[in-house]
Amino acid sequence: MVITVLIVDDSKLARIVAAKTLAALQPEWGRVEAGNAQEALAILGERKVDVAMIDFNMPTTDGLELAREIRSSHPTMPIAVITANIQDEVIARAREVNATFVSKPLTEEGLRGFISGAALRLRSSAA
Amino acid sequence: MMASTISEVLNELELDALTELVNIGVSRAAFSLREMVGEQVHLSVPAVDLVHRMRAIETLEGRETGPLVAVHQVFEGDITGRAMLIFPETKSLELVRAVIGGELSLEDIIELEQEALAETGNILLNGCLGTIANMLHRSLRMSLPEIIRGKGPELFSLPPPPEAADVVMFLYINFTVRQRNISGYIVMLMDIPSLAVLKSLLGEFIERATDGMAS
């Protein structure tokens, strides 16, 4: 069973960096990309997605709003919100939807914890 | 070089990279502003444009008919220019109220306006430029912030440096704090040689970030 990660960011460069960083940590996982919340939700409606990495700072619908929407239909999906702006109030919102913060700019070190955790959760729920 | 829009000088990926750097810079600045304000600060940059100076003045005058107030700082290094945080004057007291909070008399607010504006501008501009410089692996010297009031032409004609500032990076910025939403602008003026340096630094940044995956 291939694990698929949804990468959501309005910046194409940021999506490339996310894909590269993810590939370095989990080369056998599949990836699908979206440039905004609408595209992301469309993708989720069409195919199986196991993990989501979402940029916080997007126009119209921000990353945490998208996370909340995804959470309502995918109660156990590991979701990371990527941001350079970790304010207390934002952390509180993330906690409400059970999303993890990962720092921007993205690095292997920064993403490693979230990805290892996601891998463990997916393995144990599949067992 | 007579490109009708300077956006043609940066290709799509370079403009994307610049927008990404600005967003990260502004996000970090929002974090620092939150420390100062004590409540959540939401900062977003919906658009980044690179235009000729005359076009920047026209755009600003088209959108803001009244007088403006700006916090400005000069930056020098491999890229040299002037950065400004611009608000309509009518909004500046609101900004001060939002940033300082609490019940203050109009006198107090007016007295604190200069300081609050300078500090807010300093945090935003330094945060933004500092982050961009770091990620481009360069350092920039920043002058102390100063406040200026006027309209487009005056703001864009400040004495040197930069003398021949032709290129303006124009950012629309939305600033929400304590339920007040204030829109303003961050502009960075630089000359053509600096734009060329910026282009090559962005190229290097893209290479590093993507390990050549983008080409």
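How many residues does the contact take from chain B and from chain A? In this predicted model, the contact (heavy atoms within 4.5 Å) takes 25 residues from chain B and 18 residues from chain A.

**View 1. The area buried between chain B and chain A.** Together the two chains bury about 1900 Å², with 57% of it on carbon and sulfur atoms; buried area is the accessible area (1.4 Å probe) that two parts lose on being put together, summed over both.

**View 2. The salt bridge of B:Glu20 and A:Lys104.** The side chains of B:Glu20 and A:Lys104 meet at 2.5 Å, N to O, in a salt bridge (a side-chain nitrogen of Lys or Arg within 4 Å of a carboxyl oxygen of Asp or Glu). Between chain B and chain A the count is two salt bridges.

**View 3. The elements of chain B that touch chain A.** Two or more residues each are given to this side by α1 (12-37), β1 (41-52) and α6 (192-210) of chain B, where helices (H or I, at least four residues) and strands (E, at least two) are DSSP runs, numbered from the N terminus. The largest share, eleven residues, comes from α1(B).

**View 4. Confidence in the prediction.** Chain B averages a pLDDT of 83, and 91% of the residues score at least 70, pLDDT being the predictor's confidence in each residue, from 0 to 100. The complex is given an ipTM of 0.72 and a pTM of 0.81 by the predictor.

Residues are numbered from 1 along each chain as its sequence is written, and chains are lettered from A in the order in which they are written. Local features need pLDDT of at least 70, side-chain atom pairs count only at pLDDT 80 or more, and totals for chains, interfaces and linings use all residues, while side-chain values use heavy atoms, with hydrogens and water left out.
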